[in-house]
Structures are given as structure tokens and as C-alpha cells.
Amino acid sequence: MADNDKIIDGKAFAEALRGRIAGAVSTLKAEHGVTPGLAVVLVGEDPASQVYVRNKAKQTVACGMESFEHRLPAETSQADLLSLIAKLNADDAVHGILVQLPLPDQIEEQAVIDAVDPDKDVDGFHVVNTGRLATGAPAMVPCTPLGCLMMLQDRLGDLSGLEAVIVGRSNIVGKPMAALLTGANCTVTIAHSRTRDLAAVCRRADILVAAVGRPEMIRGDWVKPGAAVIDVGINRVPAAEEGKTRLVGDVAFAEAAEVAGAITPVPGGVGPMTIAVLLRNTVVAACRQAGVTEPEI
Ligand code: NDP
């Protein structure tokens, strides 16, 4: 079993990050009269999305920021949603806008992502931010991969020259993770469903990031001894007890932890970082919009 020193505790890391965010917010208010504001838009009644939105609002307020919640009925038209986004884009009290995905079928997700002002796009999904990230310009960076990078840098320090393998090439995790690790001077490989001999590719990695969505697919013998393993996957599987379920990652944790030098658990690893980074992005967005130097958080 893994010794505790190997485990990267995302919950504790996120808590410390929220503490730094609260400090930065209080300075922003006192010295510049700016209160960062985050608008979260939820369309429909998806139970998981409702929990996320509630948590986001709670943590936003706990860090001293303004939270603006917009709950719209499931039958909302795309035109009505776009008109709300236009209002939020123009509202000076709103520095960050997050539209909770997935959206109902009558609304085209890409049209909504494209409508958010790139400077308020705290999810970092707008193509302008994708381009800024790819070219090394100041961007709004997607929360989950940025949280992974923060934990890696905290654990390993300078990542220069390390071999990084990312399994998964989605626009929200795999690709921005690759851009961030390239920016941190890693040698980056992106693997996906067409990769040949995935196990051998993974075994090269000093940093192995799994963002696949397949329960415990990455086995212990795919991990290079001493590697840092970041498990982004969140998969619900049947538990031993009849009728119950439990969460597992994309990595077979017990096996991988025997070999890895550092590893994130599921739950309690990457997951808790995502909302904390969203709040951090909102503070950064508020600073940029107010022309204030960004604090180190
Ligand atoms: P996507 O489904 O968008 O992408 C999955 C990627 O995995 C694709 O690139 C796909 O390859 C690749 N893949 C699928 N099967 C295999 C395989 N057998 N071998 C190699 N590669 C494979 O997922 P997301 O990136 O959105 O999410 C990935 C996981 O991370 C999910 O479990 C999700 O729940 C979780 N997640 C967690 C977050 C958090 O806050 N912790 C936030 C976001 C996601 P191809 O492109 O070839 O199809």
C-alpha cells in the first residue's frame, strides 16, 4: 500500500489555495475597491449540476467574492441564454462567467462558449483563450489542468526536461494539460484511443496524467518507478455492498501507488482543485479587468 508521503492531497491543497485566494480578495477590496464577482448560469435541473453550482456559489462567497446565480428552466431557448450572457458580459460587477455544462439539447454548447467575453471566460474554454494558452500569452486557463499543474509544481518543483505523458486529448483536460506542461518545459506526449502500445508509452513518463474516463484502466506495471501520477478520471462503479456505488479514477490506485513516487487519489485528488482554481481564475480576471497587478496565488 502507498505510504502517505506519496499521496498528493488535493483536498488540503485546495483548502490552502482558497486561503490564499481569500487573502488576495481582501487586499483587492481594501486597496483597489474591487470585489471579484462570479456569475454561474445553470439551465435545467440536472442533479449533479445543481450540486456543482451550489458548491461553487458557497465557496465563492466564503472567499469574500460576489456570487451571482442564474437558474433558468430546462426549456430555455438558445436566444434567451445568449441574451443573458450578453448582459453578464456588459455587467462591470461580473468578472467571471461560467455556464454549467452539459446544456439541454436545444442549445448548442459551442455557440454559448463562443458568446462569453474571453476576458470573463474563467473556464478557459473560449477559442481565444485556447489560442492565448497555445502561444504563451496571458490566458484564462481551464481549471482542471491548471490545478494538476499547480500540484505537480508544488510536489516536484521545476518540471524542466521531464517526460510527460497525458492519456486523453479532450479540449477541457488533455489538450490544455499538454499546453501547460509544454510551457513548463516538459517533453510532452499525448496518448489517446488510437495510440499503439499505450502501456509502453505510459512507462516512459516521469509525469503521467490520466484523463480518459475509464475506471482503473492504467495499471501498476504501466507506471515508471518514481513517476508522479495525476489521476483526473472520475468514474462511478458498483461497490462491494449491493446497490451501492463508489468513485474510482482512471488509474488502478493501489497497484500504481506501489510504484509511483507521488500519486493523486480519487476522490480527494484533482477533483477538489477544480473549483478552487475557478475562484483563482475569477480573481485573476478581476485584476486584469481592473488594471491591477495580479497577485501570486
Ligand atoms: P473525454 O471523453 O472528452 O475524453 C477522453 C479521452 O480519453 C479521449 O481523448 C479518448 O481518446 C481517450 N480514451 C478513451 N478511451 C481510451 C483508451 N482505451 N485508451 C486511450 N485513450 C482513450 O473526457 P474528459 O477529458 O472530459 O474527461 C476525462 C475524465 O476526467 C472523465 O472521467 C471525467 O469525468 C474526468 N474529469 C474530471 C474533472 C475533475 O474535476 N476532476 C474535470 C473534467 C473531467 P479519443 O480522443 O481517441 O477518443
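**Close-up views of the ligand site and a helix crossing**

View 1. In the side chain of Arg 169, an N or O atom is 2.7 Å from an oxygen atom of the ligand. The side chain of Ser 193 places an N or O atom 2.5 Å from a ligand oxygen atom. Ile 234 has a backbone N or O atom 3.1 Å from an oxygen atom of the ligand. Taken alone, the ligand exposes 930 Å², of which the protein buries 70% (accessible areas by the Shrake-Rupley method with a 1.4 Å probe). The model is predicted: local features need pLDDT of at least 70 and side-chain atom pairs count only at pLDDT 80 or more, whereas totals for chains, interfaces and linings use all residues. Residues are numbered from 1 along each chain as its sequence is written, and side-chain values use heavy atoms, with hydrogens and water left out.

**View 2. The shell around the ligand.** The ligand is surrounded by 22 residues (a heavy atom within 4 Å). Arg 169, Ser 170, Ser 193, Arg 214 and Thr 274 are the closest. By class, the shell has 10 nonpolar, 10 polar and 2 charged residues (Ala, Val, Leu, Ile, Met, Phe, Trp, Tyr, Cys and Pro count as nonpolar; Asp, Glu, Lys and Arg as charged; the others, Gly among them, as polar).

**View 3. Crossing of helix 6 and helix 10.** The axes of helix 6 (residues 143-156) and helix 10 (residues 271-290) come within 8 Å and cross at roughly 100°. The two helices are therefore roughly perpendicular to each other (65 to 115 degrees). Cys 143, Thr 144, Leu 146, Gly 147, Met 150 and Met 151 of helix 6 meet Met 273, Thr 274, Val 277, Leu 278, Arg 280 and Asn 281 of helix 10 (heavy atoms within 4.5 Å).

Definitions and conventions: Axes fitted to C-alpha atoms, helices over the stretch in contact; angles between N-to-C directions. Helix = DSSP H or I, 4+ residues; strand = E, 2+ residues; numbered from the N terminus. Parallel < 35°, antiparallel > 145°, perpendicular 65-115°, else oblique. Polar contact = N/O pair within 3.5 Å; in protein donor to acceptor, adjacent residues only side chain to side chain.
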